[in-house]
Each structure stands twice: as structure tokens, then as C-alpha cells.
Amino acid sequence: MLRSNVSQRAEKLELIQKLFWECDFSTQVLNGRLPEDWLQLADYQEWAPVLYYLNKNLPTDLLLILFVLGRACPADVARGVFGAETVSALEEMGFVEDSGPDLLPAVMVQSYGDLLVASDHRRRRNESDYVMGLSGPTRALADLTIRKPASLAVDIGCGSGLQALLASRHSARVLACDVNPRALDFARLNAQLNGIANIDVAEADLFDFALDRPAELVVCNPPYVISPDHSQAYRDSGREEDGVCAHLAGLLPRLLSMGGTAQFLANWAVHKGGTWPQRLGQWFAGSGCHVSILHEVTESPADYTIKWLRQSDPHALAADQPAFARWMGYFDRREISGIAYGLVTIQRTGGAASFAIDEAPDHYIMPCGDALAAFLARKRRLRALDGDLLDLRLRRASNMRLVQSAHFHNGQWIAGQVRASLADGLRWSEDLGPESARLFELIDGQKTLGALLGDILEEEDPPAARTLFRTVVTAIEKGLLTIADTAWDEENEMP
């Protein structure tokens, strides 16, 4: 009796998975052996500095040459290194193509933790249906996702499927959606490659999207790039400026169940003379949700254009190419002076809706979805206290560090700025003035905040008191200070 095609396919994918993991194929291992910017060099097809360190007769190196750099290798070499059965499985499952004496890689393969993710190779990046691999933003969204048990999680614009793969570990069912059928093929392949059975894929347009039941988690890495182009599905939404992100702001709250969370990466236009925080606030008016935006960075139109043209085509910035001038003309006509990046988190948790924008920390220790959930929970709890903090007792966080700078002047060291910062997670930091630094030193979990402020402010000084109070509120939100009272239980707070 012949074995089913499904069974044979599973065996071949298991053989391929075993090949990668037995070769210790991970970004961390490769980072230790290659130039620091080797991934960027590969993006720009500048292979010589990477190939110099590689030996095609070693299994890990040959995997890198084939499936990350996208370089062909002699078929007899591959069979000698991997074994004929494994090479046959790679061919039958579409990972490589037989091109005479050589094997040509048909996909890129990258790792995220213990997951393998296949996607299109960079040589297809000018194709309209190109499926991008694990970019920096893709990894950032994965690292910042707030994860709780869910009966249904949805990945809108799933691409190669990393967000769906991760959601499958804490969700009964995952729905991975994309308008690009080729992306769905990769998402399906990656679920099978990693032995994951609770992911369904569906073709869906995010501009005409609906669910038959609410979801506890919705994640989306949309085609958010602001540009004059509408040619590439992974990058271009077809909407002008930041219209795709404005659309998601209206759509995602309607998809959430009570207690649910939606998160998406966003770009938004900063117009000359405009106030983008107010404009973003209008996107979420009437959502009935808690909305938090972590503003990462704002880039100039020129820097933004250079980055995305390099991403799509390493030759796009050549002197004879019009792309750079076309993009810059688009920004000039629309009076766009900058393009901002950020993470949007929407939570349907009951109570009064809220909207807040925070500057992202300078550093992260990933993954830190739990740290983000705790930050948002602290902000909600402080709003519920309605500013009544003076009777509470505070402690310094166990992972908080105080560092004071100094400078040498006229033969002596002069004490300078004091900075409080966290050692892990969202590595928030806060510069402290002399009074704030003194307050941080005095905090011991015993005296109330009101008593400590009284110790510092020997005489009535309302302006200093207000400044200190704002510093304390910010420090509690960021987790630099914690409230010692037993009623304050962050671990049990709904994220």
C-alpha cells in the first residue's frame, strides 16, 4: 500500500528541518563568525566580505551560501555535504532547483528562535508578489507582541507567516491572511516545516476584512510604506500617504473581543507645520479602546527614500535612475517633512477609552511583550488612582540602576547628570534633576510619597513639587519605581 502524499511530504519536511537544526543554523551562531554587518552586505549583494569567511564544504556554511546569500553551489558538493536523500528532499519540496551541474536556491530560509521561516529570495524583490523574509520590523513586532492564551488569533498581512507561527503556541486557532496568494503558500509551507497544525490560511484584503467571531489577538505588519509607488504587495498598500494605517486604526478595534489586544507597525506622515499627535488621535476617536503608540523614530524624506529604494532594488540609487527624484518630488508636493515609525497597541479592556503616545526606549532586551503589557497596565492603574499618590509608599525597582556622570574641571571632578535606567526588558531611562535624584535615594518602601516630598521641600515650592510629582508618575509608568502597597499587584493586572 502506497503511503499518502501528505505523509511523504511531512517526512521530507522533517528531513529538511533536521538538516538545518543539526547544522546549528541560527543567526546567533552566524553573527559570531561573520562581519558585523553581514546581513546588510547580503541585502546589497556585496557578497565578497561574507564569502571570504565561509567554506562550502561545511554544512552550516553551505546552508548560508544557498539559503541566505542565495548563491548557487555544485550539486555534487551539496550531495557530498548533506547527503543525496536530503538534497532530493530539498529539490522535491521546492527549496532548490536543479540547474545542470549546480543547485540554485529557490527560497530564503531564516531562523527565529527554534522556528525556521522560508520566504522569497532577494532576487525576486522587484516582483509584485514578492514575499519578504524576516526583516527588522517583522522581528520587532514578534518581540513586542503581548502574548496571552487565546481561542482565536489573527495575523493580517501574514507574509511568510512568522507572527502566525508564534501565535500558534498560545492560541487554539490561528488565522493567517494575506492578499498575496504566494504569501499564503509560504505561510502554509512554514507551518508544515515547523510541525504546526493549528494555523488556517485565507486570502483576504485588509481593506475588505471581517471575522465571523471576535479575536483575542490581532497582529498586523501592513504594507505601510509611504511612497508614490503601488507596485509591490509587501510594501505598497495602494492608499495615499499613511492611509493604510488610518484604515487599520478604524478596523482593528472592531475585530477584538473583550480583553483582546491588537498590535500593528505603522508609518505616518509628518507634515510641515502640522501636529501629528492630534491627527493620530483622530484615527482612534470612538474606538472604545485603550490605544498606546510607541514612537520609535522620525526620519527625513531623503533617509527614508534611500532605505526603501535599497530594500527594493540595490541599483535604484544609480545616477541614471529616476526613482530617488520621483519619491522626493512626491514628499515635496504633499509637504511631508518627515516619516515617523511606531508600534500601535489597541486593548479592549472595558472602562473609559484612552489614547497616549510615548517615546520608545533607546534600548530593548527582546522579547519584551510582557514588559510592554506591564507598562500599559501601570499607566491604566495610575489613571484609575486619579493622581492620588501622596499616601502610597514606593520602592526602587530591583532592576533599576542609578548612574551619575561627572566632568573634570579646574583640577577637580564636578558631579553631573543622574540617570535612572532599567537593566532589562523595555530599558526605559529617565534623567533626574537634583531634587528628583535625592527623592530616588530616599525612597525605601516605608515613608509615603507625601512625606518624602515634604522632606525634600523644606519650604513651600509648588513649581518644584509639581516637577517632582510628574517625575514620580513617569517613573512608576516606566517601572523605575514600584508601589509597595500590597493592593498594587501588577502581575495580576490584565495587560
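This is a predicted model: local features need pLDDT of at least 70, side-chain atom pairs count only at pLDDT 80 or more; totals for chains, interfaces and linings use all residues.
Reader: How many cavities of 30 Å³ or more does a search of the whole structure find?

Author: Rolling a probe the size of a water molecule over the atoms shows where empty space is left. Here the search finds three cavities of 30 Å³ or more. The largest cavity has a volume of about 80 Å³.

Reader: Which residues line the largest cavity?

Author: The lining consists of His290, Val291, Ser292, Thr345, Gln347, Ser354, Ala356, Leu376, Lys379, Arg380 and Arg383. Two or more lining residues come from each of strand E11 (290–299), strand E12 (336–347), strand E13 (354–359) and helix H15 (369–385). H15 supplies the largest share, four residues. By type, the lining divides into three nonpolar, five polar and three charged residues.

Reader: Next, helix faces. Which residues of helix H12 are buried?

Author: An α-helix has 3.6 residues a turn, so residues three or four places apart point the same way. In H12 (residues 276–283) the buried residues are Trp276, Leu280 and Trp283. They are on the same side of H12, because they cover an arc of only 40° around the axis. Their packing partners are helix H11 (243–255), strand E10 (256–271), E11 and E13.

Reader: And which residues are buried in helix H17?

Author: In H17 (residues 449–456) they are Leu449, Leu452, Leu453 and Ile456. Down the axis of H17 these buried residues fall within an arc of 100°, so they line one face of the helix.

Reader: Now single residues. Is glutamine 163 buried or exposed?

Author: Glutamine 163, in helix H9 (residues 162–167), counts as buried because its relative accessibility is 5%, and buried means under 20%. Leaving aside neighbours within four places in sequence, glutamine 163 is in contact with Thr138, Leu141, Ala142, Thr145, Asp155 and Val219.

Reader: Why does arginine 182 count as partly exposed?

Author: Arginine 182 counts as partly exposed because its relative accessibility is 27%. The residue is found in helix H10 (residues 181–193). Beyond four places in sequence, arginine 182 is in contact with Asp120, Arg124, Asp129 and Val131. With aspartate 120 there is a polar contact between the side chains, at 2.7 Å. Arginine 182 and tyrosine 130 are 52 residues apart in sequence, but 7.8 Å apart in space, C-alpha to C-alpha.

Reader: How far apart are glycine 425 and glutamine 412 in sequence and in space?

Author: They are 13 residues apart in sequence and 37 Å apart in space, C-alpha to C-alpha. Glycine 425 sits in the loop between strand E16 (412–422) and strand E17 (429–432). The glycine is buried, with a relative accessible area of 14%. Not counting residues up to four places away in sequence, glycine 425 touches His363, Tyr364, Ile365, Cys368 and Ala371.

Reader: Last, the backbone. Which residues does a cis peptide bond join?

Author: Most residues other than glycine have a negative phi, and most peptide bonds are trans. In this model a cis peptide bond joins methionine 366 and proline 367, with omega about -10°. Proline 367 lies in the loop between E13 and H15.

Reader: Where is aspartate 24, and what is its phi?

Author: Aspartate 24 has a positive phi of about 55° although it is not a glycine. Its place is in the loop between helix H1 (5–22) and helix H2 (27–31), and aspartate 24 is partly exposed, with a relative accessible area of 44%. Glutamate 335 has a positive phi near 55°. Glutamate 335 lies in the loop between helix H14 (323–333) and E12, and is partly exposed at 47% relative accessible area.

How values were computed. Residues are numbered from 1 along each chain as its sequence is written. Side-chain values use heavy atoms; hydrogens and water are left out. On a 1 Å grid over the protein atoms alone, a cavity is a set of points where a 1.4 Å probe fits but cannot get out, and a pocket is an open set with protein on both sides within 12 Å along at least five of seven lines; lining residues have an atom within 4 Å of a point. Grid points are joined across faces, edges and corners, and a volume is the space filled by probe spheres set on the points. Ala, Val, Leu, Ile, Met, Phe, Trp, Tyr, Cys and Pro count as nonpolar, Asp, Glu, Lys and Arg as charged, and the others, Gly among them, as polar. Buried means under 20% relative accessible area, exposed over 50%, partly exposed in between (1.4 Å probe, protein chains only). The arc is that of the directions from the helix axis to the C-beta atoms. Contact means heavy atoms within 4.5 Å. A polar contact is a pair of N or O atoms within 3.5 Å; within protein, one must be able to donate a hydrogen and the other to accept it, and residues adjacent in sequence count only if both atoms are side-chain atoms.
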